[in-house]
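Please look at the sequence and the 3D structure shown here before reading the briefing, which moves from the whole chain to single residues.

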Amino acid sequence: MNRLIRRRPRLLWLLVPYMLFVVALPLVNGVPLLVLWLFGATLLTPCAVALARRGDRR
């Protein structure tokens with residue numbers, strides 16, 4: 001796994017949605033605008049996937 005990340009570091013972009021949904025969600029759970037947080041994370045997910053794909057095609 002570590003060798004894969006060293007060869008293709010652009011795949012780290014795929015960790016962004018995971019971090020937004022799973023890791024940061026307990027931190028913002030008390031925020032009144034939780035739905036806005038989830039909506040923003042949902043909109044950023046395709047951007048992160050597109051950046052990973054764009055870097056992987058090169």
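What is the accessible surface of the protein chain, and what percentage of it belongs to carbon and sulfur atoms? In this predicted model, the accessible surface of the protein chain comes to about 4,800 Å², and 70% of that area belongs to carbon and sulfur atoms.

**Overall fold and shape**

- The protein chain has three helices and zero strands, which gives the pattern α-α-α when it is read along the sequence.
- The radius of gyration of the protein chain is 14 Å, whereas the globule rule gives 10 Å for 58 residues, so the protein chain is more spread out than a compact globule.
- Along its principal axes, the C-alpha trace of the protein chain spans about 40 × 20 × 10 Å.
- Among the 58 residues of the protein chain, 16% count as buried.

- Leu-12, Leu-15, Tyr-18, Met-19, Val-22 and Val-23 make a nonpolar surface patch of about 540 Å².
- One of these patch residues, Val-23, is found in helix α2, which covers residues 15-23.
- Val-23 counts as partly exposed because its relative accessibility is 41%, a value between the cut-offs of 20% for buried and 50% for exposed.

**Leu-43 in helix α3**

- Leu-43 lies in helix α3, which covers residues 34-57, and it is partly exposed because its relative accessible area is 49%.
- Although Leu-43 and Pro-17 are 26 residues apart in sequence, the distance between them in space is 9.6 Å, taken from C-alpha to C-alpha.

Technical notes:
Residues are numbered from 1 along each chain as its sequence is written. This is a predicted model: local features need pLDDT of at least 70, side-chain atom pairs count only at pLDDT 80 or more; totals for chains, interfaces and linings use all residues. Side-chain values use heavy atoms; hydrogens and water are left out. Patches are made of residues with over 30% relative accessible area and no salt bridge: like charges are joined within 9 Å, nonpolar side chains (Val, Leu, Ile, Met, Phe, Trp, Tyr) within 5 Å. Accessible areas come from the Shrake-Rupley method with a 1.4 Å probe; for residues, only the protein chains shown count as cover. A salt bridge is a side-chain nitrogen of Lys or Arg within 4 Å of a carboxyl oxygen of Asp or Glu. Helices (H or I, at least four residues) and strands (E, at least two) are DSSP runs, numbered from the N terminus. Buried means under 20% relative accessible area, exposed over 50%, partly exposed in between (1.4 Å probe, protein chains only). The radius of gyration is taken over C-alpha atoms; the globule rule is 2.2 Å times the number of residues to the power 0.38.
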